[in-house]
Each structure stands twice: as structure tokens, then as C-alpha cells.
Amino acid sequence: MSCILCASNVRDSVLEGLSVGPEYRDIGRPILYGDELVDVACPSCGSRVRQRALAQLLARAEPFLDRSTEVLLVSASAPERLLVSKYWRRTLHVSLLADWKDPDCLTNVDITDMPQIEANRFGLALALCVLDYIPKAGRAVAEVGRTLKLGGTFIYWIQPYRIDHRLGSGTKVRSWQAYRDPDHVYGNAGESRACAGSSIPDCRFGPGAMAGWAKGAGLIPGIVRIRDHLSELSTVFHTAKKPHDPGLLR
Ligand SMILES: [Zn+2]
């Protein structure tokens, strides 16, 4: 038992801000992108950095969470769904391609255009490692924002290696051969052997892009930074909150 998700003693230590001790570190499976450490899988439960960071975020925010609301999940893996189910009973899971082994997942849903989903429905929306593959991610943020209730929040996370400081607030499609996470990536061209020619866009975003999407959609941008106890990597969650009174925004 090694991480905040699978060990209660580690969870308590992390939430208290204590060092969890070397016996819990440096034992996960490192995941590299080129020479860069981008993730560490928990040796016990297989959790990734983003899931452990979300666990920390939700645990700390618990007193402020509305547990009666409905949550929109986009392309959510099993550990992510398990974590969310500890806080919320009502979720709608949507995905463009795979069903993520979730029989309740609504597939063929393009989050840049979801006419089948009514406006002002969700109190929270989560898309971790999803906008990475959407060249018009601003449209996705606006469309998910449409489905949020007033005061609702969209949390999105993009893999850090996709941030390109030369791009300002712009977006560039590096290739059309991306596929999911870096452990599926082979070769120095950064191409996936499994999905070569997959037509899945491998996007790069400027550091100003994420907040720009929120502002462009009339949402309030924010950032939450979480340090991971297994890898020491920092996870940056971007948030876009739907204001109760847009007239008060500056
Ligand atoms: Zn674990």
C-alpha cells in the first residue's frame, strides 16, 4: 500500500503535509517522455500523478463541495471514476471514442458540441488528459461551460510536456499520431507505435492558452497546484468557474 488513494496512513500524512517517508517514495513505475519524468504509477494500485493529485484536491476541498450535484466526467479512467464516486452519486460519463470499460459511458460524444446535453446541468465537470487531443480546446471549454450550473466549475488538466512556451496563448498540432499517455509513446519522433496514423491530434499549447479558453467562454479562470508524494512532480489543474453574476466580472 503506497499512495494517497490506496493507503489510509499515507493519505493522512499527505493531508497533514508530512513527509511520507522514503519507504513510500521511489518505488513506483516511472513513466518517461524522452528523458523527462512525466508520471509515476503507484506500485500497489496503479494510480497516476493526476489521480493522486485529484485525490488530494478533493480531500482538502471536501467541506466546500456540493455532494448533491451531478458531475460530468469526460473520458475518465477507472481510478478516476472510483475516486469521484466517493464524493458524488450522480455522474454522467461521456467519451468520443472508447468507453473506458464503463458500461454507463455515453460514447460518440464530442465535447466541443453536445446538443444532446442540456445547459445548466452540472455542478462540476472533469476532463483530465482530454483537451490534450483537441486542437479547438477553447470550444470544448465553452461547450462544457454551457452545461455547467451557475457557480459550477470545470477542472481540466493537460500533460505538462504539451506546454510550449514559444506559443504564447496559441495552439499547434504537432502531428496527427498521438495516443493517450507517454507509456504508449515510442521512438524519438514521439510517435505511438500502437496508433501510428491514428489521426488523433498531438497538440501543443502556449502557457496562456488554458486561462484564455476560460475567459473566452465567459468563465473565471483559476489554477490549483498539487505536489505529488510519490514522484515529487507538480500537477497543475486549470479551473473555469461559471459566474453567478457575469456583470461583476472585471
Ligand atoms: Zn496506490
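Predicted model: local features only at pLDDT ≥ 70, side-chain atom pairs only at ≥ 80, totals over all residues.

I began with Cys 6, which is buried at a relative accessible area of 16%.

**The zinc site**

What holds the zinc ion? I found Cys 3, Cys 6, Cys 42 and Cys 45 coordinating the zinc ion through their SG atoms, at 2.3 Å. Donors here are N, O and S atoms within 2.8 Å of the metal (3.2 Å for Na, K and Ca), and water is not among the atoms, so sites may look incomplete. Along the chain the donors follow the spacing C-x2-C-x35-C-x2-C. Cys 6 sits in the segment before α1, while Cys 45 sits in the loop between β2 (36-41) and α2 (49-61), so this pair ties together parts 39 residues apart in sequence. I took helices (H or I, at least four residues) and strands (E, at least two) as DSSP runs, numbered from the N terminus.

Next I checked the angles: the four donor atoms subtend 102 to 116° around the zinc ion, which makes the arrangement tetrahedral. Four donors count as tetrahedral if all angles lie between 85 and 135 degrees. The ideal angle for four tetrahedral donors is 109.5 degrees. Cys 45 is partly exposed, at 35% relative accessible area.

I also looked at Ser 2, which lies in the segment before α1 (8-15) and is buried at 4%. Its side chain makes a polar contact with the side chain of Ser 44 at 3.0 Å. That term means a pair of N or O atoms within 3.5 Å; within protein, one must be able to donate a hydrogen and the other to accept it, and residues adjacent in sequence count only if both atoms are side-chain atoms.

**Strand β6**

Is β6 enclosed or open? Eight of the ten residues of β6 (residues 148-157) are buried, so the strand is largely enclosed by the rest of the structure. I saw β6 pair with β5 (residues 122-128) in the parallel sense over six bridges; two strands pair if DSSP finds at least two bridges between them. Phe 122 stands opposite Leu 148 in β6. With β12 (residues 234-241), β6 pairs in the antiparallel sense over four bridges, and there Thr 153 stands opposite Lys 241.

**Aromatic rings**

How many aromatic pairs are there? I noted five in the structure. Rings of Phe, Tyr and Trp (its six-membered ring) pair if their centres lie within 6.5 Å; planes under 30 degrees apart count as stacked, over 60 as edge-to-face and the rest as tilted. One of the pairs, Tyr 33 with Tyr 161, is stacked, at 4.0 Å centre to centre and 20° between the planes. Tyr 33 is buried at 17%, and Tyr 161 is buried too, at 10%. Last, I wrote down one aromatic cluster, formed by Phe 154, Tyr 156, Phe 205 and Trp 213.

Methods:
Residues numbered from 1 in each chain as written. Heavy atoms only, no water. Buried < 20%, exposed > 50% of the residue type's maximum accessible area, 1.4 Å probe, protein only. Tetrahedral: all angles 85-135°; square planar, octahedral: opposite > 155°, others 65-115°.
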